[in-house]
Amino acid sequence: MHILNYIGGKMREPEGGGYLDNVDPATAAVTSRIPDSDARDVEEAVNAAEDAFPAWSSLSVQDRSRHLLQIADLIEERREELALAESDDTGKPVTLAETVDIPRAASNFRFYATAIEHFASESHAMGKAAFNYTLRAPIGIAGCISPWNLPLYLLTWKIAPALAAGNCVIGKPSELTPTTAFLLSGICMEAGLPAGVLNIVHGYGHRAGSAVADHPRIPVVSFTGGTETGRKIAAAAAPHFKRVSLELGGKNPNIVFADCPYEDALQTALQSSFSNQGEICLCGPRIFIERPLYETFRDDFVERTRQLTVGDPRSAGNRLGAVVSQGHMDKILSYIELARDEGGRILCGGHRVREKGRCRDGWFVAPTVIEGLPPDCRTNQEEIFGPVVSLLPFDTEEEVVTQANGTPYGLAAMLWTGNLGRAHRVADRLHAGIIWINCWMLRDLRTPFGGMKQSGVGREGGFEALRFFTEPKNVCIRM
Ligand code: NAD
């Protein structure tokens, strides 16, 4: 496959003519080439978006909604093709892409296509003296930069509200996982989305991505990715006074009290540890277990982890596929070494998995469970973003809240208990933007989504995203 940029309604070669290899992490084979775009391609995309903006922003909400619904329908129709592409790019099991990633990408478009019809602004009466109403206009061109772990799911989570609100968009998918964004370009052409409304520029973050973050005519940037990249984007955007939304890394705690619904807690902990090879920002790699339950939970958890099958993402039976790249596998394995150096005991996993046949050169890591590490060591503080979890016993509610909050991150937290009072009390004290009580990854797209501390700035989801992508203006009328 020859991947191209999507600019001004057309598939375009990169201005510089250079291409990067796109590699399937399950086989280490080059599957396609992607444009090595630079500031010139971003400039072309900005020009196309500026041309498209007056007509798109003045379309009726119903017409914009119809375009987005058409895109959602086509994503659903092409679910299998998109899921296979997502699996080949990321290494994730194709069944996961088919049941989670791709349906969610369609839902993102459908949700915002309908949400925009219900989006209303505020009015404030000043007694009989005056009356205020707030207008919310599209801002202009939005830059949407997304990561590799949930490629189409997270790109569309930004694009859909930005377009619904009447902006034109420059999307910059991860250079590691470009294919579904490229297929989305074709879908938008087929759906009749007007030229220049959505533009997708492929390539490296430091080249194409930074040209988006730094461009003076892109006034709003929505970014999901690592905390260090978020810092660079915030710095690039600051001199332009851009509006920025940052969804960054995490090191989420999963707190299991002894009075929890045990089977649910155990089974869900397995998912929140190893789904998508642990490469989900919402995974819970620090599992705190109340001491009376510790040994039982640990032994059952390790036994079930050993039963998880790792291998070819195209085989329906495998629960874990490959991790996204050789570099990422090396990073994960180096953290396992660090855990050993820090005094951790590896209870299972702890090594690369070598496959046979089609996937013999692929980058697979065994699901790994570690115990015996203090909460403040690097393994328990830094984001590993792989199938590696650490088990930590605790004695009191006070102690576990302090330890759970004791990282620079604050994205999500899970807690398991049968005590309603404790559930509310602990949820209130945890420093995280998303708290799940007795569940994980139950998502209602209307709710605010995002993190505290170094996990991000701003919230996505529901009307939060529509507010982010619009400029409020207050009009005051004296009666
Ligand atoms: P990354 O930060 O390396 O890259 C993300 C995107 O930013 C890519 O498109 C990349 O090309 C681009 N980029 C890189 N450098 C850039 C620069 N200087 N300027 C502009 N763009 C640049 O992240 P990743 O490795 O792709 O994704 C993994 C990270 O994403 C993890 O830290 C994970 O926690 C985080 N993440 C967060 C959420 C969330 O909702 N908070 C969701 C998913 C992933």
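The buried residues of helix 3 are Leu82, Ala83, Ala85, Glu86, Ser87, Asp88, Asp89 and Thr90, where buried means under 20% relative accessible area, exposed over 50%, and partly exposed in between, with a 1.4 Å probe and protein chains only. This is a predicted model, in which local features need pLDDT of at least 70 and side-chain atom pairs count only at pLDDT 80 or more, while totals for chains, interfaces and linings use all residues. Residues are numbered from 1 along each chain as its sequence is written, and side-chain values use heavy atoms, with hydrogens and water left out.

Helices (H or I, at least four residues) and strands (E, at least two) are DSSP runs numbered from the N terminus. Helix 3 comprises 12 residues, 79-90, and reaches 16 Å from its first C-alpha to its last, close to the 16 Å expected at 1.5 Å a residue, the expected span being 1.5 Å times one less than the number of residues. The cover over its buried residues includes strand 3 (19-24), helix 2 (61-77), helix 4 (94-115), helix 5 (151-164) and helix 6 (179-190). After helix 3 comes Gly91, whose phi is positive, near 90 degrees.

Arg110 belongs to helix 4 and is partly exposed, with a relative accessible area of 27%. Leaving aside neighbours within four places in sequence, Arg110 is in contact (heavy atoms within 4.5 Å) with Leu69, Ala72, Asp73 and Glu76. The side chains of Arg110 and Asp73 are joined by a polar contact of 3.0 Å, that is, a pair of N or O atoms within 3.5 Å; within protein, one must be able to donate a hydrogen and the other to accept it, and residues adjacent in sequence count only if both atoms are side-chain atoms. The C-alpha atoms of these two residues, Arg110 and Asp73, lie 8.5 Å apart, although 37 residues separate them along the chain.

Around the ligand there are 28 residues, of which Lys172, Glu175, Thr229, Leu248 and Glu383 come nearest, a residue being counted if one of its heavy atoms lies within 4 Å.

| Residue | Protein atom | Distance to a ligand oxygen atom |
|---|---|---|
| Lys172 | polar side-chain atom | 2.7 Å |
| Glu175 | side-chain N or O atom | 2.6 Å |
| Gly205 | polar backbone atom | 3.3 Å |

The protein covers 88% of the 850 Å² of accessible area that the ligand has on its own, with areas from the Shrake-Rupley method and a 1.4 Å probe.
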